[in-house]
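Hi everyone, thanks for making time.

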Amino acid sequence: ENYLEACLLQDPKFFAARLPLARAYFYQQKYNYAKRELEIILREDPQNAAAWYLKGQIALTEEAFDTAIADFEKGLKITPDNPDLQKALNNATTTKLLKLAKRMEQKQDWEKALYFYEKLHIQFPDNSDFIYHIGLLYYKDQDYSQAQRYFRKCIKINPLQYDALFYLGKIAFQQKDLPLAKQYLLKLTQL
């Protein structure tokens with residue numbers, strides 16, 4: 001970092017030092033310094049995909065998801081096949097949806113939470129955690145048939161999903177199907 005800063009003090013137009021310096025600031029969690037360098041880079045070269053990537057990473061770290069997504073998309077317009085930018089965009093989108101889903105769950109807004117978890121489920125159809133949360137939201141909304149459907153789907157993907165088995169047993173008990181409730185309880189004790 002000191003070497004790069006010294007280079008820029010001697011020659012402020014030594015453009016090649018700016019991106020490595022921005023990266024160094026990023027890794028040291030000096031995000032405002034990194035953003036300042038990136039602004040200079042992107043003002044001079046708005047087609048710098050690496051700068052858009054790093055700018056998006058900073059925004060993602062600061063949980064400014066919309067900004068991160070926009071920055072990654074700008075980078076992908078420049079280099080559409082860049083796997084790092086594609087992965088970062090997917091990560092930002094997923095993280096944003098998950099944060100929104102959890103926030104809605106905390107507010108007990110089951111309908112909105114369900115909407116975000118279903119979007120995640122579409123993106124990741126084999127993720128048992130997202131499927132479990134969809135089942136849990138249906139359970140909280142007292143739609144037990146839908147809850148069972150998603151808990152069973154969760155168990156098919158991850159037979160060791162303790163909570164899904166627990167809720168399947170609980171629903172069976174609530175529906176007075178004691179033999180089925182016992183089956184789920186036995187499965188739980190075998191985990």
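Let's start at Phe130, which is buried, with a relative accessibility of 7%. Keep in mind that this is a predicted model.

Take the pair of Phe26 and Tyr31: the ring centres are 5.9 Å apart, with 50° between the planes, and the pair is tilted. Now back to Phe124 and Phe130. Their ring centres are 6.1 Å apart and their planes sit at 55°, so this pair is tilted. Why tilted? Because a pair is called stacked under 30 degrees and edge-to-face over 60, with the rest going down as tilted.

Which ones form a cluster? Tyr132, Tyr139, Tyr144, Phe151, Phe166 and Tyr167 make up one aromatic cluster.

Okay, on to the helices. Helix α3 covers residues 31-44, and Arg36 is in it. Is Arg36 buried, exposed or partly exposed? Partly exposed, with a relative accessible area of 38%. If you want a sense of distance, go from Arg36 to Tyr150: they are 114 residues apart along the chain, and their C-alpha atoms are separated by 47 Å.

Next, how does α3 sit against helix α4? For α3 and α4, which is residues 49-61, the angle is about 150° and the axes are 10 Å apart. That makes the two helices roughly antiparallel, because the label applies to angles over 145 degrees. The crossing of α3 past α4 is left-handed.

And which residues do the touching? On the α3 side we have Tyr31, Ala34, Lys35, Leu38, Ile41 and Leu42. They meet Ala51, Trp52, Leu54, Lys55, Ile58 and Thr61 in α4. Sorted by class, that contact has nine nonpolar residues, one polar and two charged. Notice that Tyr31 turns up again: it is among the α3 residues that meet α4, and it is also the ring partner of Phe26.

Conventions: Residues are numbered from 1 along each chain as its sequence is written. This is a predicted model: local features need pLDDT of at least 70, side-chain atom pairs count only at pLDDT 80 or more; totals for chains, interfaces and linings use all residues. Side-chain values use heavy atoms; hydrogens and water are left out. Rings of Phe, Tyr and Trp (its six-membered ring) pair if their centres lie within 6.5 Å; planes under 30 degrees apart count as stacked, over 60 as edge-to-face and the rest as tilted. Buried means under 20% relative accessible area, exposed over 50%, partly exposed in between (1.4 Å probe, protein chains only). Helices (H or I, at least four residues) and strands (E, at least two) are DSSP runs, numbered from the N terminus. Axes are lines fitted to C-alpha atoms, for helices over the stretch in contact, and angles run from 0 to 180 degrees between N-to-C directions. Angles under 35 degrees count as roughly parallel, over 145 as roughly antiparallel, 65 to 115 as roughly perpendicular and the rest as oblique. A crossing is left-handed if the near helix is turned anticlockwise from the far one by less than a right angle, and right-handed if clockwise. Contact means heavy atoms within 4.5 Å. Ala, Val, Leu, Ile, Met, Phe, Trp, Tyr, Cys and Pro count as nonpolar, Asp, Glu, Lys and Arg as charged, and the others, Gly among them, as polar.
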